[in-house]
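Here is a short tour of a structure that may be new to you. Take a look at the model first, and then follow the notes below.

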Amino acid sequence: MQMAKTIQAQQVMPWLLTAAAGYAVVKVLDKFFGKSAHDKGLEETDKTVKNEIKNEQNKGTRASYSDAQFKTLADTLEDAMAGPGTDENKIYQAMVMMKNNLDILKLVDAFGIRNYWITSRLLGTNKNLGQWLRSDLSPDEIYQANLLLANNGVHYQF
Ligand SMILES: [Ca+2]
C-alpha cells in the first residue's frame, strides 16, 4: 500500500511541475506581450482623443452637452451593447445627438476604456468606444452610425 502511494506521487509530481511551469510561462507572456501591449495602445488612443478635444476647443468649438451628460450617454451606449444582442436604436440616437466633432470626441473620452463583455485574454478585454462598436455592430450598422455622424457634419468616423 505504502509502496503504491509513493509510485503514484512520483508519477504525478512531474506533471504538476510541468503544468505549474506552463501556467507561469503563459502568465509572463500575457503580461509582457498580451494585455499590457494592448492596454498601452489604448492609452495612446486615449491621449490622442484628449489632444483632439483640446484642438477643437482651441478652434472655438463648443460642446453641445455637459460632461455629466456625455458620461450618461456613454453609460447608455455600454448598456445598449453589453451582453448578447445590441440595442442599435439607442446607438443611432446617440449618433444623431452629436452635433460637431467635439461632441463625438467628448463621448469617446467619456466612454474611455471599458471591459468588453466577452472576456478574451488574447485580444484583451479592455476596449474603447470604437472597439466596442466594431465588436458589437455589423459592418452595415457601423456604416449607418457613421452616416448619421456625417449627416450632422461630424468628420469623426468609427
Ligand atoms: Ca452585445
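The largest nonpolar core of this predicted model has 22 residues, where a nonpolar core is a set of buried Ala, Val, Leu, Ile, Met, Phe, Trp, Tyr and Cys residues joined through C-beta atoms within 7 Å. Within this core, Leu77, Leu107, Val108 and Leu129 have the most contacts. Two or more residues come from each of helix H2 (67-81), helix H3 (88-97), helix H4 (101-111) and helix H5 (129-136).

**How to read the model**
- Numbering starts from 1 along each chain, as its sequence is written.
- This is a predicted model, in which local features need pLDDT of at least 70 and side-chain atom pairs count only at pLDDT 80 or more, while totals for chains, interfaces and linings use all residues.

**Overall layout**
- The protein has six helices and two strands; helices (H or I, at least four residues) and strands (E, at least two) are DSSP runs, numbered from the N terminus.
- Along the sequence, the pattern is α-α-α-α-β-β-α-α.
- Of the 158 residues in the protein, 18% are buried; a residue is buried if 20 or more other C-beta atoms lie within 10 Å of its own, with C-beta atoms placed from the backbone.
- Among contacts between residues at least 6 apart in sequence, 66% join residues at least 24 apart; two residues are in contact if their C-beta atoms, placed from the backbone, lie within 7 Å.

**Where H2 meets H4**
- H2 and H4 pack at about 65 degrees, with axes 8 Å apart; axes are lines fitted to C-alpha atoms, for helices over the stretch in contact, and angles run from 0 to 180 degrees between N-to-C directions.
- That angle makes H2 roughly perpendicular to H4, a term that covers 65 to 115 degrees.
- On the H2 side, Asp67, Phe70, Lys71, Leu73, Ala74 and Leu77 meet Lys106, Leu107, Ala110 and Phe111 of H4.
- Leu77 also belongs to the core described above, and setting aside residues up to four places away in sequence, Leu77 touches Ile91, Ala94, Phe111 and Leu129.

**A look at Trp132**
- Trp132 lies in helix H5.
- Is Trp132 buried or exposed? Trp132 is buried, because 22 other C-beta atoms lie within 10 Å.
- Beyond its neighbours within four places in sequence, Trp132 is in contact with Met81, Arg114, Tyr116 and Lys127.
- Trp132 and Ala82 are 50 residues apart in sequence, and 9.0 Å apart in space, C-alpha to C-alpha.

Definitions and conventions. A residue is buried if 20 or more other C-beta atoms lie within 10 Å of its own, exposed if 12 or fewer, and partly exposed in between; C-beta atoms are placed from the backbone. Angles under 35 degrees count as roughly parallel, over 145 as roughly antiparallel, 65 to 115 as roughly perpendicular and the rest as oblique.
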